[in-house]
Amino acid sequence: GIKSVLNLRGEAGQSFWLFEREACQRLDLPLTDLNMSARQPPRREALLELYDLFQTLPRPILVHCKSGADRTGLAAALWLIWVEGKSVEEAMAQLSLRYVHLSFGRTGILDHFLRVYARERDRTGISLIDWIRDGYDPNELRDSYRRWEAKGKLGAW
C-alpha cells in the first residue's frame with residue numbers, strides 16, 4: 001500500500017541508490033531524495049523541505065535512511081508533531097534506544113534539536129515550523145549541544 005518513498009540519505013550515484021531508483025520506477029512509486037545528516041544539526045532548508053514533503057507526498061510514505069535509527073527517527077518525530085499533532089515530548093520517543101538510536105555522542109544532536117525547540121516553545125509559545133523558519137540557528141544548536149554534553153561545564157546550554 002505504499003504510495004511514495006522518501007530517502008533521507010540524499011541522491012547518490014552509488015549502487016544502493018541506483019537499485020532503489022530502479023525499483024521505484026518499476027513499481028511506479030515516486031522517489032524523493034532529501035539529504036539529511038545523523039550527526040550534524042539539521043539544516044533549515046532540509047527541515048522546511050521535509051515539512052512540505054509531509055504535506056504533499058502521496059500517503060502512505062515509506063521513509064528511510066541507512067539504518068532507520070537517527071534521520072528516520074527525527075523524521076518520524078517531526079511527522080508526529082506536524083501531521084498528527086502530537087507533543088514534542090511524545091514525539092521524542094521516536095529517537096530512543098528502542099529504535100537503536102543513541103541519544104549521546106554525535107547522533108544526540110538530533111535529540112537536542114527537539115529539546116532546544118521545546119525550551120523555546122515553553123518560553124515563547126512558538127510553533128515548531130515557525131521556530132525553524134524564524135529562530136532556529138544550526139550553529140547555535142551545535143554550540144548548545146557541546147555545552148549540554150559537557151553537563152554545564154561549558155556554561156548553560
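Mentor: Four bridges join strand E1, residues 4-7, to strand E3, and the two run parallel. Please keep in mind throughout that this is a predicted model.

Trainee: What makes E1 and E3 a pair of strands?

Mentor: Two strands pair if at least two bridges are found between them, and E1 and E3 have four, so they count as paired. One of the residues involved is Val5, whose bridge partner in E3 is Leu62.

Trainee: What is the order of the strands in the sheet, and which strands stand at its edges?

Mentor: The sheet is open and has three strands in the order E2-E1-E3, with parallel pairing. Strand E2 (31-33) and strand E3 (61-64) stand at the edges, because each has a single partner strand, and one side of each is therefore left without a neighbour in the sheet. On average, neighbouring strands of this sheet are turned by 15° against each other, direction ignored.

Trainee: Which helix lies across these strands?

Mentor: Helix H1, made of residues 15-26, lies across E1, E2 and E3, and it runs at about 150° to E2.

Trainee: How do you know that Cys24 is in no disulfide?

Mentor: A disulfide needs two cysteine sulfur atoms within 2.5 Å, whereas the nearest cysteine sulfur to that of Cys24 belongs to Cys65 and is 15 Å away, so Cys24 is in no disulfide. For Cys65 the nearest cysteine sulfur is that of Cys24, again at 15 Å, and Cys65 is likewise in no disulfide. A search of the whole structure finds zero disulfides.

Trainee: Why is Cys24 called buried, and what is the value for Cys65?

Mentor: Buried means under 20% relative accessible area; Cys24 has 7%, so it is buried, and Cys65, with a relative accessible area of 7%, is buried too.

Trainee: What makes you say that Arg71 has no salt bridge?

Mentor: A salt bridge requires a side-chain nitrogen of Lys or Arg within 4 Å of a carboxyl oxygen of Asp or Glu, while the nearest side chain of opposite charge to Arg71, that of Asp70, is 6.5 Å away, so Arg71, although buried, has none. Arg71 is found in helix H3, residues 71-82. Leaving aside neighbours within four places in sequence, the residues in contact with Arg71 include Leu8, Met36, Cys65 and Leu110.

Trainee: Why is Asp28 called exposed, and where does Asp28 lie?

Mentor: Exposed means over 50% relative accessible area, and Asp28 stands at 68%, so it counts as exposed. Asp28 lies in the loop between H1 and E2, and its phi is near 55°, a positive value in a residue other than glycine.

Trainee: Why does Val100 count as exposed?

Mentor: Val100 has a relative accessible area of 61%, and is therefore exposed by that cut-off of 50%. Val100 is found in the loop between helix H4 (88-91) and helix H5 (108-124), and its phi is near 65°, a positive value in a residue other than glycine.

Trainee: What kind of peptide bond joins Arg59 and Pro60?

Mentor: A cis peptide bond joins Arg59 and Pro60, with omega about 0°. Pro60 is found in the loop between helix H2 (44-56) and E3.

Methods. Residues are numbered from 1 along each chain as its sequence is written. This is a predicted model: local features need pLDDT of at least 70, side-chain atom pairs count only at pLDDT 80 or more; totals for chains, interfaces and linings use all residues. Side-chain values use heavy atoms; hydrogens and water are left out. Axes are lines fitted to C-alpha atoms, for helices over the stretch in contact, and angles run from 0 to 180 degrees between N-to-C directions. Contact means heavy atoms within 4.5 Å. Buried means under 20% relative accessible area, exposed over 50%, partly exposed in between (1.4 Å probe, protein chains only). Lys and Arg count as positive and Asp and Glu as negative; His and the chain ends are not counted.
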